[in-house]
Amino acid sequence: GLHSLRWRAWAFRAKLSGQLAELQLPSQQTSLLQAMTLGDKYQLSHDTRQLFAEVGATHVLALSGLHLGVLTFMLLLLLRPLRRKFWGRMLTALLLWLFIWWFALMAGLPVSLCRAALMILPRAWVDLVVEEAVPLDGRSYDDAVAVGQEVADVILVGAAAQDERELREMLMNSDEFGFIR
């Protein structure tokens with residue numbers, strides 16, 4: 001189940017983290033590399049964390065949409081030959097979906113990566129599958145992507161709310177969710 005999948009993802013991250021440690025870089029560089037590529041911040045010293053906090057750069061240590069965007073771009077480049085046929089685009093979309101959620105799971109499912117995944121995947125689906133099957137004009141295409149992003153935001157807000165009342169307040173008081181009012 002999900003517990004087994006989560007355990008496998010964490011074991012894979014630990015293996016990759018160990019391989020980075022074997023590069024024989026200075027320990028501070030290794031710990032930064034582990035944090036910035038795998039989300040493994042356990043090896044960062046207190047002084048390093050404090051330094052990033054003092055200069056206002058703790059966001060650099062967090063895996064985010066930028067990381068996921070770069071990895072998605074690299075994966076799409078590798079899979080480019082498959083995209084010549086419709087079945088290849090479908091396979092690319094499936095592999096992208098699996099890769100993105102595996103990476104997010106391996107990193108511990110931080111909200112920043114989940115939000116990025118929920119924004120990238122609808123866009124990728126439209127780019128890879130829908131646009132080719134049913135050509136969309138510019139407006140419809142933008143609307144399809146915008147709806148995907150709104151759904152991602154609603155899911156994340158719903159996960160963050162403690163109860164139904166708090167969820168209602170969050171949705172009603174947010175400018176992002178004007179379509180709900």
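The lining of the largest pocket has eleven nonpolar residues, two polar ones and no charged ones. On the classes: Ala, Val, Leu, Ile, Met, Phe, Trp, Tyr, Cys and Pro count as nonpolar, Asp, Glu, Lys and Arg as charged, and the others, Gly among them, as polar. A caution before I go on: this is a predicted model, local features need pLDDT of at least 70, side-chain atom pairs count only at pLDDT 80 or more, and totals for chains, interfaces and linings use all residues. Residues are numbered from 1 along each chain as its sequence is written, and side-chain values use heavy atoms, with hydrogens and water left out.

Back to the pocket. It holds about 230 Å³ of space. That volume is the space filled by probe spheres set on grid points, which are joined across faces, edges and corners. A pocket here, on a 1 Å grid over the protein atoms alone, is an open set of points where a 1.4 Å probe fits, with protein on both sides within 12 Å along at least five of seven lines; lining residues have an atom within 4 Å of a point. There are 13 lining residues, and Thr 37, Leu 71, Phe 99, Phe 103 and Met 106 lie nearest the centre. Which helices supply at least two lining residues each? H1, H2 (27-38), H4 and H5 do.

Now the overall fold. The chain has eight helices and zero strands. Helices (H or I, at least four residues) and strands (E, at least two) are DSSP runs, numbered from the N terminus. Of the 181 residues, 30% are buried. Buried means under 20% relative accessible area, exposed over 50%, and partly exposed in between, with a 1.4 Å probe and protein chains only.

Next, H5. Its 21 residues should span 30 Å at 1.5 Å a residue, and the end C-alpha atoms are 30 Å apart, so the two agree. The expected span is 1.5 Å times one less than the number of residues. Buried residues of H5 include Gly 88, Arg 89, Leu 96, Ile 100 and Met 106. After H5 comes Gly 108, with a positive phi near 95°.

How many aromatic pairs does a search of the whole structure find? Two. Rings of Phe, Tyr and Trp (its six-membered ring) pair if their centres lie within 6.5 Å; planes under 30 degrees apart count as stacked, over 60 as edge-to-face and the rest as tilted. Phe 12 and Trp 102 have ring centres 6.1 Å apart and planes at 55°, so that pair is tilted. The pair links distant parts of the chain: Phe 12 sits in H1 (residues 2-21) and Trp 102 in H5 (residues 86-106), 90 residues apart. Phe 12 is partly exposed at 35%, and Trp 102 is partly exposed at 28%.

The other pair is Phe 99 and Phe 103. Their ring centres are 6.4 Å apart and their planes at 15°, so they are stacked. They are four residues apart in H5, which means about one helical turn between them. Phe 99 is partly exposed at 27%. Phe 103 is buried, at 6%.

On to H4, residues 65-78. Its 14 residues should span 20 Å, and its end C-alpha atoms are 20 Å apart. Its buried residues are Leu 68, Thr 72 and Leu 75. They cover an arc of only 65° around the axis, so they are on the same side of H4. That arc is taken from the directions from the helix axis to the C-beta atoms. The face turned away carries the exposed residues Leu 66 and Phe 73. As background, an α-helix has 3.6 residues a turn, so residues three or four places apart point the same way.

Last, the loops. Most residues other than glycine have a negative phi. Gln 24 has a positive phi of about 60°. Gln 24 lies in the loop between H1 and H2 and is exposed at 74%. Leu 109 also has a positive phi, near 55°. Leu 109 is in the loop between H5 and H6 (111-133), partly exposed at 30%. Arg 83, in the loop between H4 and H5, is partly exposed at 29%. Arg 83 and Leu 128 are 45 residues apart in sequence, yet 7.8 Å apart in space, C-alpha to C-alpha.
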